[in-house]
Amino acid sequence: MENSKNEKVTCLIIGSGPAGYTAAIYAARANLKPVLYQGIQPGGQLTITTEVENYPGYANGVQGPDMMIDFEKQASRMGADIRFGVASKVDFSKQPYKIWIDDEKEIEAHSVIIATGASAKWLGLESEKRLNGFGVSACAVCDGFFFRGKEVAIVGAGDTAAEEALYLSKLCSVVHMFVRRNEMRASKVMQERVLKASNIRIYWNTEVEEIIGETKTEAVRTKNNKTGETQTIPVSGFFVAIGHEPNSAIFREWLSMDETGYIKTTPGTSKTNLEGIFAAGDVQDKIYRQAVTAAGSGCMAALDAERYLGEKGIV
Ligand code: NDP
């Protein structure tokens, strides 16, 4: 019963991005009666993006938030029980596994599909927090539009930063790019594109000390970590592109993870180190991180769960 404090579930899905919803579609069609908790950000990272042009099946592209509404509707139509709520604690010491929702409700689950995704990393500056949404953003594709014709800054030197700097260079007059070492981590081809763009200015060995502005972003103060020289550069937008962090903290005690917290799965499957617990999408994938690959791995997780529950004689 949804309203009772304790509940037994055959297949619990945690997370509502492409991986979670796809797992729900497959699990519902296999009659596993999946219950899906949406988490802090229903719809996941695609709800903070704009046009998605690379998801097959949408011939004319689709807005990220609209796509996630379609995913949810489809999962719901198949019979998945989709609920608001955040998994706040788990006890995977024995089966059935225990999961607490919003620190209150306790669920016992025979199988669990973890599809909690990843979140953007931040520098950790007070000014970055204060000006978030007022010129500070972790998504160039979402917010670049607001800075058309203006000067912006971006911090980071991986493929994401390179991709976002190039995206911004097509909209903005100048893109100031801060790289903390004397080289970039991004792939060669991306680096070459960035270096070729006439309006991207790269600042090597440069760290961001402060984003300046009271109610909106006005400038950024940087420091060269070789010479100690500081500089204040006027910008209207400040983009952080320093990587992502998998949302796996509550599982840390129980599941095998790599050094950065990505859940380890047996290659070619969604199986974690605990039987009956599966992981799909960005929480276990730091390489591809695409909506379509997340959806594919959600499908794998539901099929793995179905096989497991069948073998155990639970369904
Ligand atoms: P990465 O972890 O690859 O890169 C993060 C970058 O941010 C690094 O250059 C790092 O610097 C820098 N950084 C981290 N913390 C700070 C900080 N506090 N201050 C300043 N700079 C900082 O993350 P990405 O998101 O770029 O990429 C993740 C994965 O996804 C990679 O495997 C990448 O190849 C892949 N990817 C592929 C794409 C594609 O193929 N089209 C597109 C986007 C991502 P440093 O180098 O000094 O550590």
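Modeller: Pro96 sits in the loop that joins strand 6 (87-91) to strand 7 (97-101). In this predicted model, the peptide bond leading from Gln95 into Pro96 is cis, with omega near -5°.

Asp102 is not a glycine, yet its phi is positive, at about 50°. Asp102 counts as partly exposed because its relative accessibility is 43%, and the limits for that class are 20% and 50%.

Arg289 also has a positive phi of about 50° without being a glycine. Its loop runs between strand 19 (277-279) and helix 7 (291-311). With a relative accessibility of 31%, Arg289 is likewise partly exposed.

Now the ligand. It is surrounded by 15 residues, the closest being Asp159, Thr160, Glu163, Arg181 and Arg185. A polar side-chain atom of Arg181 is 2.7 Å from a ligand oxygen, and an N or O atom in the side chain of Arg180 is 2.9 Å from an oxygen atom of the ligand. Gly158 takes part through its backbone, where a polar atom lies 3.4 Å from a ligand oxygen.

Helix 5 spans residues 159-169, and Ala161, Ala162, Glu164, Ala165, Leu166, Leu168 and Ser169 are buried in it. The cover over these buried residues includes helix 4 (140-143) and helix 6 (188-196), together with strand 11 (151-155), strand 12 (174-178), strand 13 (200-203) and strand 17 (237-240).

Notes: Residues are numbered from 1 along each chain as its sequence is written. This is a predicted model: local features need pLDDT of at least 70, side-chain atom pairs count only at pLDDT 80 or more; totals for chains, interfaces and linings use all residues. Side-chain values use heavy atoms; hydrogens and water are left out. Buried means under 20% relative accessible area, exposed over 50%, partly exposed in between (1.4 Å probe, protein chains only). Helices (H or I, at least four residues) and strands (E, at least two) are DSSP runs, numbered from the N terminus. Contact means heavy atoms within 4.5 Å. A residue is near a molecule or strand if one of its heavy atoms lies within 4 Å of it. A polar contact is a pair of N or O atoms within 3.5 Å; within protein, one must be able to donate a hydrogen and the other to accept it, and residues adjacent in sequence count only if both atoms are side-chain atoms.
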